[in-house]
Amino acid sequence: MGGLQIPMTHVLLLAATLFSCGLLGLMLRRNIIFMLMSLEVMLNAAALAFVAAGAKWGQADGQVIFLLILTVAAAEVAVGLGLVLQIQRRFKTLDMDQANRLRG
């Protein structure tokens, strides 16, 4: 195993940075599509942390959790895009604040 060895702290710092960027995007932006993209970034950051931990300890658990996170992300995209289409049809906007005001 003479490959490139990256310290776990660097990988976890990258995962924390990605997670905080996703959280910041989720809290600040009100567009539904942007909110779904922020959730995807947060899920990918968590998956990166699990894969790094699994590689550090030499276990396949990180990769198994990564596959679970991948399936959850795919289901979230499918349901989320269905909701986006319905909200766009009903309210003619993708802004969450506008959709809340139009609720009746």
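## Contacts and burial

Two residues are in contact when heavy atoms of the two lie within 4.5 Å. In this predicted model, taking the contacts between residues at least 6 apart in sequence, 55% join residues at least 24 apart.

Of the 104 residues in the protein, 23% are buried, where buried stands for under 20% relative accessible area. The protein exposes about 7400 Å², and 70% of that area is supplied by carbon and sulfur atoms.

## Fold and overall dimensions

The secondary structure of the protein consists of four helices and zero strands, and the order of the elements, starting from the N terminus, is α-α-α-α.

The C-alpha trace spans about 60 × 25 × 20 Å along the principal axes of the protein. The radius of gyration of the protein is 18 Å, whereas a compact globule of 104 residues would have a value near 13 Å.

## Charged side chains

The protein carries 8 positive and 5 negative side chains, and a separation of 10 Å lies between the centres of the two sets.

## Confidence of the prediction

The average pLDDT of the protein is 90, with 93% of the residues scoring at least 70. Confidence is highest in helix α1, covering residues 8–28, at a mean of 96, and lowest in helix α4, covering residues 96–101, where the mean is 75.

Methods
Residues are numbered from 1 along each chain as its sequence is written. This is a predicted model: local features need pLDDT of at least 70, side-chain atom pairs count only at pLDDT 80 or more; totals for chains, interfaces and linings use all residues. Side-chain values use heavy atoms; hydrogens and water are left out. Helices (H or I, at least four residues) and strands (E, at least two) are DSSP runs, numbered from the N terminus. The radius of gyration is taken over C-alpha atoms; the globule rule is 2.2 Å times the number of residues to the power 0.38. Buried means under 20% relative accessible area, exposed over 50%, partly exposed in between (1.4 Å probe, protein chains only). Accessible areas come from the Shrake-Rupley method with a 1.4 Å probe; for residues, only the protein chains shown count as cover. Lys and Arg count as positive and Asp and Glu as negative; His and the chain ends are not counted. The place of a charge is taken as NZ of Lys, CZ of Arg, CG of Asp or CD of Glu. pLDDT is the predictor's confidence in each residue, from 0 to 100.
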